[in-house]
Amino acid sequence: MNCAKCNAAINPGDVVCANCGATVVSSSGGAAVAAVPAAAGLSNNAAAALSYVTFIPAIIFLVMEPYNKVAYIRFHAFQCIGLSIAAVAAHIIAMLIPVIGWVLAPFISLAFLVIWIIAILKASKGEWFKIPIIGPFAEKQAKNG
């Protein structure tokens, strides 16, 4: 069976399309499947963009249904968590290097801010924007869950 909205394969018993997040409604015969947009809650793009507002919404979207069933939202949530870990690690390393690290710390902060803003904008437009190193890992996690 395929989703009528995005034509992705849908497993029997699924109530939400794992690819686009549309609600699955089967016909009386059970063979035809149609997808309708969810009546309540955030759109996939809004949830994906909001997952970048600190790591807390990212964790919430990974736990809360129906958001945790949509690969697109899971991808951006995992990417946000990875980006948060990378930012903290980069700042710790910069602070451990005397003088040079202290001078570079504001530029590191600015670089992470720019990456975060780009990720939020891309997520709000519905794009699977992959940050190098973090993005492929996030995609793997999103599609496995």
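At 46% relative accessibility, Thr54 counts as partly exposed, a class lying between buried (under 20% relative accessible area) and exposed (over 50%), with a 1.4 Å probe and protein chains only. The model is predicted, so that local features need pLDDT of at least 70 and side-chain atom pairs count only at pLDDT 80 or more, whereas totals for chains, interfaces and linings use all residues. Residues are numbered from 1 along each chain as its sequence is written, and side-chain values use heavy atoms, with hydrogens and water left out.

Thr54 lies in the loop between H1 and H2; helices here are DSSP runs (H or I, at least four residues) numbered from the N terminus. Although Thr54 is not a glycine, its phi is positive, at about 60 degrees. A positive phi near 60 degrees is also found at Val99, likewise a residue other than glycine. Val99 belongs to the loop between H3 and helix H4 (100-124) and, at 52% relative accessibility, counts as exposed. In the loop between H2 and H3 lies Pro66, which is joined to Glu65 by a cis peptide bond with omega of about 0 degrees. Most residues other than glycine have a negative phi, and most peptide bonds are trans.

In helix H2 (residues 55-63), the buried residues are Pro57, Ala58, Phe61 and Leu62. These cover an arc of only 140 degrees around the axis, which puts them on the same side of H2; the arc is that of the directions from the helix axis to the C-beta atoms. Their cover includes helix H1 (44-50) and H3.

Helix H3 (residues 71-96) also packs with helix H5 (residues 134-144), at an angle of about 140 degrees and with the axes 8 Å apart. Axes are lines fitted to C-alpha atoms, for helices over the stretch in contact, and angles run from 0 to 180 degrees between N-to-C directions. That makes H3 oblique to H5, oblique being what remains once angles under 35 degrees (roughly parallel), over 145 (roughly antiparallel) and 65 to 115 (roughly perpendicular) are set aside.

Ala71, Arg74, Phe75, Phe78, Gln79, Gly82, Leu83 and Ala86 of H3 meet Ile134, Gly135, Ala138, Glu139, Gln141 and Ala142 of H5, contact meaning heavy atoms within 4.5 Å. Within H5, Ile134, Gly135, Ala138 and Ala142 are buried. They cover an arc of only 90 degrees around the axis, which puts them on the same side of H5. These buried residues pack against H3, while Lys140, Lys143 and Asn144 are exposed on the other side of H5.

Terms used. Helix = DSSP H or I, 4+ residues; strand = E, 2+ residues; numbered from the N terminus.
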